[in-house]
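Student: Please take one part of this model and examine it closely, and then relate it to the strands elsewhere in the chain.

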Amino acid sequence: VRYVRLAPPHAIRLISGLEGSTYRTTAEKYKKIIEKLGVKVEILPSGGSYDNLHLLANPSFMADVAFVQGGLTDGVDISNLVSLGTVFVQPLMVYYRGSEPIDMLAQLRGKRLAVGPEGSGTHALTMKLLKANDIDEKSATLLELTGEEAAKALEAGEVDAAFLAGDSATPKLQRRLRETPGIALMN
């Protein structure tokens, strides 16, 4: 009995995200629900989905649950992890500047691209998509900008396209970009 945990835990550690992020807000909601059931919840901040996966997969980092964007497991030993299900969908949006329509990622070769910060799900997914289209740091300028800073750079003409997902794509920011002349959402 000493070595087997038969009863549910009395406390869990949940890896969320940055303060104010969707992951953090969702973690706070889950904390209220779970603690009503008598289980203490400690919320741990992180740099985003990619960090969450690496922390959860690391056996020396003591955590029980994390929010992770799908499709980020390449090169990560997830043999000891189990998915509990989908909480919400996070679309990836590509806004671009220019008069010609862009309908293929390959058209972004040679451009300045805001790809999200390292450690974020946006960055990880964007890098996979760019690699599949033969785009890397040699064939494009990749800038770790996200959200508001990426939008401002796009509006100012400092980047040619911005990849936005999750917290970096707030409804207010999306509306602003759609209403900005010369900026379009990639189909």
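Tutor: Ser49 lies in helix α2, which spans residues 49–57 (helices, H or I of at least four residues, and strands, E of at least two, are DSSP runs numbered from the N terminus). The model is predicted, with local features requiring pLDDT of at least 70, side-chain atom pairs pLDDT 80 or more, and totals for chains, interfaces and linings using all residues. Residues are numbered from 1 along each chain as its sequence is written, and side-chain values use heavy atoms, without hydrogens or water.

Ser49 is buried, at a relative accessible area of 3% (buried is under 20%, exposed over 50%, partly exposed in between, with a 1.4 Å probe and protein chains only). Beyond its neighbours within four places in sequence, Ser49 contacts Tyr23, Phe67, Val68, Gln69, Leu72, Gly119 and Gly121 (heavy atoms within 4.5 Å).

Turning to the strands, an open, parallel sheet has the order β2-β1-β3 (pairing requires at least two DSSP bridges). β2 (40–44) and β3 (65–66) are its edges, each having a single partner strand, so one side of each lacks a neighbour in the sheet. Strand β1, residues 11–15, joins β2 through 5 parallel bridges, and Ile15 faces Leu44 of β2.

Strand β7 (residues 161–165) has 5 of its 5 residues buried, so it is largely enclosed by the rest of the structure. Ala161, Phe163 and Ala165 cover one side and Ala162 and Leu164 the other, all of them buried. Strand β4 (residues 92–97) runs antiparallel to β7 over 5 bridges, with Val94 opposite Phe163. Strand β5 (residues 112–114) is parallel to β7, joined by 2 bridges, and Leu113 has Ala161 as its bridge partner.
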